[in-house]
Amino acid sequence: MGLLYEKILRPAFFRMEPETAHDRGKTALMALSAVPPLCSLMARYNRESARPFELFGLEFPNRVGLAAGMDKDGEFPRAAAALGFGHVEVGTVTATAQPGNPRPRLFRFPEEGALINRMGFNNKGVDAMATRLAKHFPRGKRLIPVGVNIGKSKATALDKAVQDYITCFRRLAGQADYFTINVSSPNTQGLRELQTKAYLAELLSSLRSENVKLAKKLGHREHPMLLKIAPDLTFAEIDLVLELLLENKFSGIVATNTTTERPEGFPRDEKGGLSGLPLHRRSRGIINYIHKATEGKLPIIGVGGIDSPESAGASIDAGASLVQIYTSWVYRGPFHAAKLARSLKAREEVWI
Ligand SMILES: Cc1cc2nc3c(=O)[nH]c(=O)nc-3n(C[C@H](O)[C@H](O)[C@H](O)COP(=O)(O)O)c2cc1C
């Protein structure tokens, strides 16, 4: 199947401008999502060849998830389940709809197995996402957990950002199996400053108290809440983030987002975040650092340049409980997640 994609479908897709290809792919995934019995059948088939994993009180059919940014509006989580993903992180979604940056804003680097993007949180807003998920993939009746990745609107000043995140949290709490707080995209001006103590302390404590308040009011458990960080932080900056996460009883961390760094000899630059193979070493190093610094007490979702059974295994060995992919799905095709999930199962069976 992978070969079929690489020989026939990928060349056809790659003749198109990258975002046009993305939109066509999305249309196909939405079409698959519109046939629930077929998706359930495919998801059940994939479930049998993978190993389930429990985390945050949720059951994941396998350890491989779709990273944020691919399904920005929660339009095809059912298709992702059918294609073998064990979870999907939808978003980044913002309080109000916004168009994102002008095109072109997505660039391929096939030789390097990389992408650069400066999308800028193009999305249809929280109301649209909440309505769509409730109608088409409601919480409690899902094939796989859905995490919702939330961010700040471009128009919102940094010192008003907390309110944006709270609006997103409240509006989507009924539909999110877990939340990821995104303070690490390089394409919304100033967003990464939210990773500094001055902003992060208030953001995390406000979200935590909102989470506790809502759980009490509705009589259910708190939502698992994670923070997604940039790979460009220093270890000292990561220490500070970890301290605040533990202090505010966050459930985990997503490491990492795209990088603004470029490896030496990278062929051509474009402004934005680099993802894919060149990111893997750095992101795995950060996973390893977090795992050691927290003595394994803070669950990690590892993301960044995972493209093979070996790199998925390496991120898990470094300390990740779950992994996510984006760029390798573009390069390796729709069945790549199922392949990785199967390989991780086989690897765990060797351990046992
Ligand atoms: C086109 C594109 C859009 C992305 N959009 C988002 C986003 O909206 N929110 C987010 O948290 N991460 C976003 N990401 C980052 C991915 O979720 C992931 O962290 C990163 O690409 C590294 O993983 P990868 O090397 O497997 O692609 C985006 C990545 C790409 C390539």
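Modeller: Two strands pair if DSSP finds at least two bridges between them. Helices (H or I, at least four residues) and strands (E, at least two) are DSSP runs, numbered from the N terminus. This is a predicted model, in which local features need pLDDT of at least 70 and side-chain atom pairs count only at pLDDT 80 or more, while totals for chains, interfaces and linings use all residues. Residue numbers start from 1 along each chain as its sequence is written.

Biologist: Which residue of β10 is the bridge partner of K228?

Modeller: Strand β9 (residues 225–229) and β10 pair in the parallel sense over four bridges. The partner of K228 in β10 is V254.

Biologist: Which residues of β10 point the other way from G252 and V254?

Modeller: In a regular strand the side chains alternate between the two faces of the sheet. In β10 (residues 252–255), G252 and V254 point one way. All four residues are buried (20 or more other C-beta atoms within 10 Å of a residue's own; exposed is 12 or fewer, partly exposed is in between; C-beta atoms are placed from the backbone). Pointing the other way are I253 and A255.

Biologist: Within what arc do the buried residues of α5 fall?

Modeller: In helix α5 (residues 126–136), the buried residues are V126, M129, A130 and L133. They line one face of the helix, because seen down its axis they fall within an arc (of the directions from the helix axis to the C-beta atoms) of 100 degrees.

Biologist: Is L191 buried or exposed?

Modeller: L191 is found in the loop between β8 and α7 (197–218). Leaving aside neighbours within four places in sequence, L191 is in contact (C-beta atoms, placed from the backbone, within 7 Å) with K152, V183 and S185. It has 24 C-beta neighbours inside 10 Å, so L191 counts as buried.

Biologist: How many charged residues are in the shell around the ligand?

Modeller: The ligand is surrounded by 27 residues (C-beta atom, placed from the backbone, within 6 Å of it), the closest being A67, G69, S275, Y326 and T327. Ala, Val, Leu, Ile, Met, Phe, Trp, Tyr, Cys and Pro count as nonpolar, Asp, Glu, Lys and Arg as charged, and the others, Gly among them, as polar. The shell has eleven nonpolar and 14 polar residues, and the charged ones number two.

Notes:
Contact = placed C-beta atoms within 7 Å.
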